[in-house]
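Biologist: Could we go through this model together? I would like to begin with the ligand and then turn to some individual residues.

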Amino acid sequence: MSSVPSTPLLDRIASPEDLRRLAEADLRQVADELRLDLVDAVSRTGGHLGAGLGVVELTVAIHAVFDTPRDRLIWDVGHQAYPHKILTGRRDAMRTVRQENGLSGFAKRTESEYDPFGAGHSSTSISAGLGMAVASELSGKANHVIAVIGDGAMSAGMAYEAMNNAGTLDARLIVILNDNDMSIAPPVGAMSAYLARLVSGKTYRSFRDRAKAVTRRLPDFMREGARRTEEYTRGFFTGGTMFEELGFYYVGPIDGHDLEHLLPVLKNVRDTGDGPVLVHVVTKKGKGYGPAEASADKYHGVSKFDVVTGTQAKAKSNAPSYTKVFAETLVQEARDDEKIVAINAAMPDGTGLDLFGEAYPTRTFDVGIAEQHAVTFAAGLASEGYKPFVAIYSTFLQRAYDQIVHDVAIQHLPVRFAIDRAGFVGADGPTHAGSFDTGFLCPLPGMVVMAAADEAELRHMVRTAVVYDDGPISFRYPRGNGTGIDLPERGKALEIGRGRIVKEGTKAAILSFGARLADAMAAAEDLEGFGLSTTVADARFAKPLDTDLVRRLAQNHEVLVLLEEGASGGFAAQVLEHCARHGLLDHGLKIRPMTMPDRFVDHAAPDAMLRQSGLDRAGIVETVFHALGDSAKRVLQA
Ligand SMILES: Cc1ncc(C[n+]2csc(CCOP(=O)(O)OP(=O)(O)O)c2C)c(N)n1
């Protein structure tokens, strides 16, 4: 990293207004200080690093040129907005980022007037920006709207839907394409190849070199003028770029780390023209911090780390992560079944499918940030007799709901959904929580819906999904490490729609769906300590339900608690509906659903999120006591 002169300019910047008061010549120093501050902050909290480092100069340039927050600045995904937060009055709070009651790791409307649109999921910025640009025109405000979107995020369909619409509406929208030639993993697809061609093209290089050489030779007063020429800002790519075909005025590519390039271009874009503009900026992910530059994927999101060595803190658990167990099991299963193929949407590492890809490169497909396409692509594979496993985080699968309904469920195609990050995910907060999958999958006729109670169960569920070929099937599992339970060598196929009793009791029953089982067992132990005999059962299936198990639990206990780490409308709703339909509630059963609360739970440690939601061990005990009421008092008095 470059060294920074002694008087920190950053200390004088409480808001972008202060930045705009500085001389342009000082902005380089601001950028250098900003980079150091960012690395220091993230090293203490963990969080997204590489993307923020890559947009340091871009962030400085945008705030220096545009009149934020009056001009609206939208960061796609929002994971690269840390430097923006530092410059927009949140510098002091940066060491709280992603901690309970601290700053969000993404842009968030409730956090700052400088965050006009929140995100977490990708590829929304152009649509939102277009809406704002049209609103600005309708209300005669004449402010600018700038959407910054990465080349990875540009691989999603929604970005094209928005550009297509922008071309027609001809609204004044500035899209800055931040092209670092990286998604989390290396980018995939024709779009990334197209951008690479633009950047590596002889014309781009010769134009850049020539422009630099020319401006260097000019006297100061003329340099600015030269920079503002159409030729300089626009490059020589008139006509023919895909963006122009979509109705955008294309500018670039330009060096996104060179303020002498960025500032005049952005000023030009600000001061001239109308209609949508796309500024193609080339940056390096992790720029300026050696370890992050060397390994952009590993420094996309980091735990706390040592700034000097770059060494990241390791998780304490010795148990394998659910993700790893899923991936290793699938690799194992695929050895004996060549029809198994695996699909992910720009998350090979996050879903563990990088392991599958090493073992079976031709049977692994990273489709880019394109969850909708991933699902229908899998449906196509399934229709030809393949066994596609689509591994997508619960939260991102939301994007593909119509594809699940229309392309998979209605045609009853045996697509296997491996739903990672089910439940609270901690620091990434509500945009990334896996809350709704059980709720949105259960209503679909013919869909099998499973949840793994521990990593051994996950292994069995992968096996179950391999063997089951009668229609779509899903299994959900949480983020993080498993329970440390012994893993069977091989998974064994579960009987569809059959749960299991884990512990027999008489007074209360806890029917758990998924990985809350360990806390259910711990709560049962507490209840036994109070003299309340407690049954614990693992439902395994929300659909089809183990109706025998539900009936037995309902008929033989005074209280039945239904436990899941998901929003209401999921597993508990299935059981309640079944009980109501079949008269199991008619005899005074005290039934209590325990689900996520009806609010978006803010980021915090996963345990804290569970505690706040009453879904932890203590919450379960309390629920049983409340349900029992006087009857519990009698037991306690005896
Ligand atoms: C719909 C959706 N799918 C997946 C992700 C996970 N994700 C977060 S950032 C990212 C890569 C984005 O790449 P790019 O837009 O190029 O930004 P960069 O990190 O390279 O700056 C991915 C896949 C997401 N946020 N949203």
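This is a predicted model: local features need pLDDT of at least 70, side-chain atom pairs count only at pLDDT 80 or more; totals for chains, interfaces and linings use all residues.

Biologist: How many residues surround the ligand, and which are the closest?

Modeller: The ligand is surrounded by 22 residues. H79, G152, M182, K285 and E371 are the closest of these.

Biologist: What is the make-up of that shell by class?

Modeller: The shell has nine nonpolar residues, nine polar ones and four charged ones.

Biologist: Which domains does the shell draw on?

Modeller: Domain 1 (10–298) and domain 2 (322–476) each supply at least three residues of the shell.

Biologist: Changing topic: where is R516 found?

Modeller: R516 sits in the loop that runs between β15 (508–513) and α22 (517–529).

Biologist: Is R516 buried or exposed, and why?

Modeller: R516 is classed as buried because its relative accessible area is 8%, and the cut-off for buried is under 20%.

Biologist: What does the R516 side chain make polar contacts with?

Modeller: One partner is the side chain of E565, at 3.2 Å. The R516 side chain also reaches the backbone oxygen of L615, at 2.9 Å.

Biologist: Which residues is R516 in contact with, leaving aside its sequence neighbours?

Modeller: Beyond four places in sequence, R516 is in contact with L563, E564, E565, L610, L615 and D616.

Biologist: One more residue, A31. Where is it found, and is it buried or exposed?

Modeller: A31 belongs to helix α2 (residues 27–45). A31 counts as buried, since its relative accessibility is 0%.

Biologist: What does A31 touch?

Modeller: Not counting residues up to four places away in sequence, A31 touches V56, E57 and V60.

Biologist: How far apart are A31 and E577?

Modeller: A31 and E577 are 58 Å apart in space, C-alpha to C-alpha, and 546 residues apart in sequence.

Conventions
Residues are numbered from 1 along each chain as its sequence is written. Side-chain values use heavy atoms; hydrogens and water are left out. A residue is near a molecule or strand if one of its heavy atoms lies within 4 Å of it. Ala, Val, Leu, Ile, Met, Phe, Trp, Tyr, Cys and Pro count as nonpolar, Asp, Glu, Lys and Arg as charged, and the others, Gly among them, as polar. Domain bounds come from an automatic or database domain assignment. Helices (H or I, at least four residues) and strands (E, at least two) are DSSP runs, numbered from the N terminus. Buried means under 20% relative accessible area, exposed over 50%, partly exposed in between (1.4 Å probe, protein chains only). A polar contact is a pair of N or O atoms within 3.5 Å; within protein, one must be able to donate a hydrogen and the other to accept it, and residues adjacent in sequence count only if both atoms are side-chain atoms. Contact means heavy atoms within 4.5 Å.
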